[in-house]
Amino acid sequence: MDSSSKKIHPNLKNFIPVVKTVAKMFGKNCEVVLHDFSVPQHSIIAIENGHVTGRKIGDPITDFALSIWRKGGYGKRREDKIINYKTKTKNGKILKSSSVFIKDDQKKIIGCLCINYDITEYSMFNKVIEEFCTSVDLDKEILTEETETFTGDVDEVLGNIIKEAIEKVGKPVSLMQKSDKLMVAKIVDEKGGFLIKGAINRLADEISVSRYTVYNYLEELKSKKRGKKLNSI
């Protein structure tokens, strides 16, 4: 899917020259990506140096970006940018990443600009220096580590979200009670998993319930959330 084949929101279109400029300025190790969240399955509308993560135009949103979008921002303050967090690619590259979430005139997140710089060689060199200069404190910027899946397959993004949710509950699916499966659905929802097409059926298969049961779980979660809001008034 080429970015020219779809109508792009003006607020996102303005960032396309930025993608090209930043990538040219910092060179081949710097991947710059522009996401349009209106179609999560094919969110990448512009990318430079895609060899860093192996992605291209038309590839999907990452699980990390999906989670931030679902929550309306990063952290308790709902920040619209995250600077210098550490990520890894599937083949082990170490990346220093930053993301800026782009909003429309109604302050709704519609996409994001992501910069992923491959620092693998620098990290290896840094370890050698640390071992050699054991008595020297190196002046290093602390990088925040975040989990993010870089892939061209949206099913893999969804699968990782569900897998992480099941692992957090800490029980085999065969031993889960309703409360456990409800918690899995809650985690998947909080991470934005249900924004991906087919998530209901996929989760139902993974936790051995019907799709209608998953719908009931989501309704129950909504009711609890509404109840909390009423109690806080």
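**Exercise 1.** This is a predicted model. Find out how many aromatic pairs the structure holds, then classify the pair Phe-37 and Trp-69.

*Solution.* Start with the count: there are 4 aromatic pairs. For Phe-37 and Trp-69, the ring centres are 4.9 Å apart and the planes meet at 40°. Planes under 30 degrees apart would be stacked and over 60 edge-to-face, so this pair is tilted. Next, locate the partners: Phe-37 is in the loop between strand 1 and strand 2, Trp-69 is in helix 3 (residues 63-71), and so the pair ties together parts 32 residues apart in sequence. Finally, check burial: both Phe-37 and Trp-69 are buried.

**Exercise 2.** Now classify the pair Phe-64 and Tyr-74, and decide whether each residue is buried or partly exposed.

*Solution.* The centres of these two rings lie 6.2 Å apart with planes at 70°, so the pair is edge-to-face. Phe-64 belongs to helix 3, while Tyr-74 sits in the loop between helix 3 and strand 3 (81-88), 10 residues apart. Buried means under 20% relative accessible area. Phe-64, at 8%, therefore counts as buried, whereas Tyr-74, at 25%, is partly exposed.

**Exercise 3.** Work out which residues of helix 2 (residues 16-26) are buried and what they pack against.

*Solution.* The buried ones are Ile-16, Val-19, Val-22 and Ala-23. They cover an arc of only 135° around the axis, which puts them on the same side of helix 2. Their packing partners are helix 1 (10-13), strand 1 (30-36), strand 2 (44-48) and strand 5 (109-118). Turned away from that buried side is a face with the exposed residues Lys-24 and Met-25.

Definitions and conventions: Residues are numbered from 1 along each chain as its sequence is written. This is a predicted model: local features need pLDDT of at least 70, side-chain atom pairs count only at pLDDT 80 or more; totals for chains, interfaces and linings use all residues. Side-chain values use heavy atoms; hydrogens and water are left out. Buried means under 20% relative accessible area, exposed over 50%, partly exposed in between (1.4 Å probe, protein chains only). Helices (H or I, at least four residues) and strands (E, at least two) are DSSP runs, numbered from the N terminus. The arc is that of the directions from the helix axis to the C-beta atoms. Contact means heavy atoms within 4.5 Å. Rings of Phe, Tyr and Trp (its six-membered ring) pair if their centres lie within 6.5 Å; planes under 30 degrees apart count as stacked, over 60 as edge-to-face and the rest as tilted.
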